[in-house]
Amino acid sequence: MNVSDRTIRIGIVGMGAMGLIHAVIFSQLPGSTLVGVADTNKRLVSLARGVAKKLPLFETLDQLVDEGRPDAVVVCTPADTHASVVEAAHRKHVLKGIFVEKPLANTHQDASRIAGLAGSGSLVTLVGFQKRSIPSVVQARRWIADGLLGEPRFFRSHWLAGHVDRPATGWKHDPSSGGALLEFGIHLVDLLEWMFGPPKHVKASAARLHSERVEDFAAATLEYASGLVGVIETGWSARNYNPSGLAIEVHGTKASLTVSEDRAVLYPDSRAERDSPAEPVVLNSASAWGSLPFLFANPENVLFDRSFTDHLGGRGGSAPDFEFAAGVSLTVDRIRRAFEQSGGM
Amino acid sequence: MGVDRLLLGANPISGVDHASNESARFRSEGVTVPNILRMFRTAHECGVRGFTYSLGPRMLRLLPKISASQEFRAFNLYPLIPNLNRFRSQAGGRYAAGVLEAMVGSLSWGGKTKALLQGGWSYVTRNPRQAIRAAIDAELANVFESSGGSERVMGVFLPEFFTDAALALGLTSLLEEFVGYVRRRYSLTAGLQTRNFPLLVDSYARERYSLAEVSVMTPFNPLGFQMCPSRTECEAALERAHCQSVVAVSVLAGGQLPAEQAASYIRSQHGVSSVAIGALRPAHIRETFNAFQSFATEPGPPGVSRP
């Protein structure tokens, strides 16, 4: 039976926060079923076995694939293990899809190697840039793609959060796999590449507030072949950003737009219609989610996971695949190199 | 046992807005002790007698400053426990494993809990039900200590993150363990918060558990905002649920609805026994709760606590 004709079997690799969120969502999404969760942390697996007796739990990816027989796996391990886990999953030759939580890999070198593996067959790939599923973001991107802004000339963007308020340890605070840019800024880089493509030139600076080994803040100026110029700011120690906040504003030859997780607003150029200036067009995300089969974490998590099963089932859905995500990793690498060379930290 | 008809929610204090992160950040700017005391005073004048809140980091910082006040002490309390955010900061970058370890580590605070956990991690993994009980003991000890005693704590709810994860993964028996232990050990109203109400009702029915002594906190509004999988199915579940009480949240659909329209809808849902609404500004509190005055004075279904 073709995968598009039956329930899609999903396995989760990594039982961290995102692993739990994906396990819960895929277990409830119509058209998918959760066939198992694998984690190499034996203590965690032992605890989970004690609590969830019916849930198939495995200590290795091999066991999950061999015994759980998933059609696809979702890789939610620490970022510095993504490349090796994806390579191991790919070697199994039985999977029809691999979904990797962002970032695809810590470096562009690893990301492009993985993308090369995936590109050689019919494997469906996806990287967890869930912010693309927010209705206001979808609308903003559509306005740009439809040419309503005319020629985009400049933009400002930020994603700030107040999560890190003290020195911390763990892989998100390790220079090889962490920092505010990889944790938050990479979502912004993904959205901007989705809207405008890759930049031609990158300049950047970074700063620390609490962290000892990674940046707490990064700022970059991006220049594009089209002449578009824009600024990215990202940080995770902004005390007034609880909850976190994403915002992009773009100014073009015909109109401007602002977009946040809450709303997208299009400001048409009113010079041509002095007698009756055009009103801004507003889309509020809260009123545009539509009906969700199940709600857990944020609505965008549910919609994004559904896009993976839709894709696997041949029901369309455009998504950031490994190749696209490798491009995002390249821009992130360039920003990191630029701020490391600037000596700002 | 039951739940007050009108509850004041703590989302504006905790920095939560289900419809808008911008709004949540903006409202956080007004979270000062004088404003919070004014909030309680105004809500009390509007007939609100219950307060529901999470024991998150911000609330834990505020409670020592307000718990002895006359304004705060005029309210019955309905905390949501446990609060993951507190443990997440202790867990550093280790996330799920770190959260669990931090939670288990915190259990050694109380004497009884310490005794229960003498076996450490292996004890917890072998006895998840005992671990749940120990976690409830530890969290409620925090609630009682931070809120100025146990006498005004009327009910306890399990946050939606835990409820919905348990429902999705087929762990309804753990939910029953939570509500059963809270009822038996503490004689409190025990409740579950969920954004997937029909799934909760159907899971309980499938496992042959009764909801007759379970209170449920879940979204109800005429826009179907956060009512999963749909408003129609949530309304149908309300008719067949027979819960001890149903506390409607998100009744203003994250600020998308005028209070009068929301109140009119809630009055039409006869299974809804209480509403919980978060508001910080006195004018907003008055406008909102005044719209629910006729709901508050109607007899309502069983499960309504009368002052």
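Axes are lines fitted to C-alpha atoms, for helices over the stretch in contact, and angles run from 0 to 180 degrees between N-to-C directions. In those terms, helix H11 (residues 160–168) of chain B and helix H12 (residues 172–186) of chain B pack at about 140°, with 7 Å between their axes. The model is predicted. In chain A, the briefing covers two domains, an open sheet of six strands and an open sheet of eight strands; in chain B, it covers packed helix pairs, including H13(B) with H14(B).

**Domains of chain A**

- Domain 1 of chain A consists of residues 3–131 + 300–321, and domain 2 consists of residues 132–290 + 327–342.
- Between the C-alpha centres of domain 1 of chain A and domain 2 of chain A there are 27 Å.
- Domain 1 of chain A gives 19 residues to the contact, and domain 2 of chain A gives 16 residues.
- On the side of domain 1 of chain A that touches domain 2 of chain A, the elements giving two or more residues are helix H5 (108–119) and helix H8 (299–312) of chain A.
- H8(A) supplies the largest share of that side of domain 1, with four residues.
- The side of domain 1 of chain A that touches domain 2 of chain A has ten nonpolar, five polar and four charged residues by class.

**Six-stranded sheet of chain A**

- The strands of this open sheet are ordered S3-S2-S1-S4-S5-S6 (chain A), and the pairing is parallel.
- Strand S3 (57–58) and strand S6 (124–127) of chain A are the edge strands, and each pairs on one side only.
- Strand S2 (residues 32–38) of chain A runs parallel to S3(A), and two bridges join these strands.
- Opposite A:Ala38 stands A:Phe58 in S3(A).

**Eight-stranded sheet of chain A**

- This open sheet has mixed pairing and the strand order S8-S9-S10-S7-S11-S12-S13-S14 (chain A).
- Strand S8 (201–207) and strand S14 (281–284) of chain A are at the edges with a single partner strand each, so one side of each has no neighbour in the sheet.
- From one strand to the next, the twist averages 10°.
- Strand S7 (residues 152–160) and strand S11 (residues 245–252) of chain A run antiparallel and are joined by eight bridges.
- A:Arg156 has A:Glu249 in S11(A) opposite.
- S12(A) pairs with S13(A) in the antiparallel sense over five bridges, and a hairpin of two residues joins S12(A) to S13(A).
- A:Val259 is opposite A:Ala264 in S13(A).
- S13(A) also pairs with S14(A), again in the antiparallel sense, over four bridges.
- The bridge partner of A:Leu266 is A:Val281 in S14(A).

- Helix H7 (residues 180–196) of chain A lies across S7, strand S9 (217–223), strand S10 (229–235) and S11 of chain A, and runs at about 155° to S10(A).

**Helix pairs of chain B**

- The angle between H11(B) and H12(B) is about 140°, and the two helices are therefore oblique to each other.
- B:Thr163, B:Ala166 and B:Leu167 of H11(B) make the contact with B:Thr172, B:Leu174 and B:Leu175 of H12(B).
- By class, the contact of H11(B) with H12(B) has four nonpolar, two polar and no charged residues.
- Helix H3 (residues 33–45) and helix H16 (residues 282–291) of chain B have axes that come within 9 Å and cross at roughly 25°, which makes H3(B) roughly parallel to H16(B).
- The crossing of H3(B) and H16(B) is right-handed.
- B:Arg38, B:Met39, B:Thr42 and B:Ala43 in H3(B) meet B:Pro282, B:Ile285, B:Arg286 and B:Phe289 in H16(B).
- The contact of H3(B) with H16(B) has five nonpolar, one polar and two charged residues.
- Helix H13 (residues 197–206) and helix H14 (residues 231–241) of chain B pack at about 35°, with their axes 8 Å apart, and their crossing is left-handed.
- From H13(B), B:Phe197, B:Pro198 and B:Val201 meet B:Glu233, B:Cys234, B:Ala237, B:Arg240 and B:Ala241 in H14(B).
- The contact of H13(B) with H14(B) has six nonpolar, no polar and two charged residues.

Notes:
Residues are numbered from 1 along each chain as its sequence is written. Chains are lettered from A and ligands numbered from 1 in the order in which they are written. This is a predicted model: local features need pLDDT of at least 70, side-chain atom pairs count only at pLDDT 80 or more; totals for chains, interfaces and linings use all residues. Domain bounds come from an automatic or database domain assignment. Two residues are in contact if their C-beta atoms, placed from the backbone, lie within 7 Å. Ala, Val, Leu, Ile, Met, Phe, Trp, Tyr, Cys and Pro count as nonpolar, Asp, Glu, Lys and Arg as charged, and the others, Gly among them, as polar. Two strands pair if DSSP finds at least two bridges between them. Angles under 35 degrees count as roughly parallel, over 145 as roughly antiparallel, 65 to 115 as roughly perpendicular and the rest as oblique. A crossing is left-handed if the near helix is turned anticlockwise from the far one by less than a right angle, and right-handed if clockwise.
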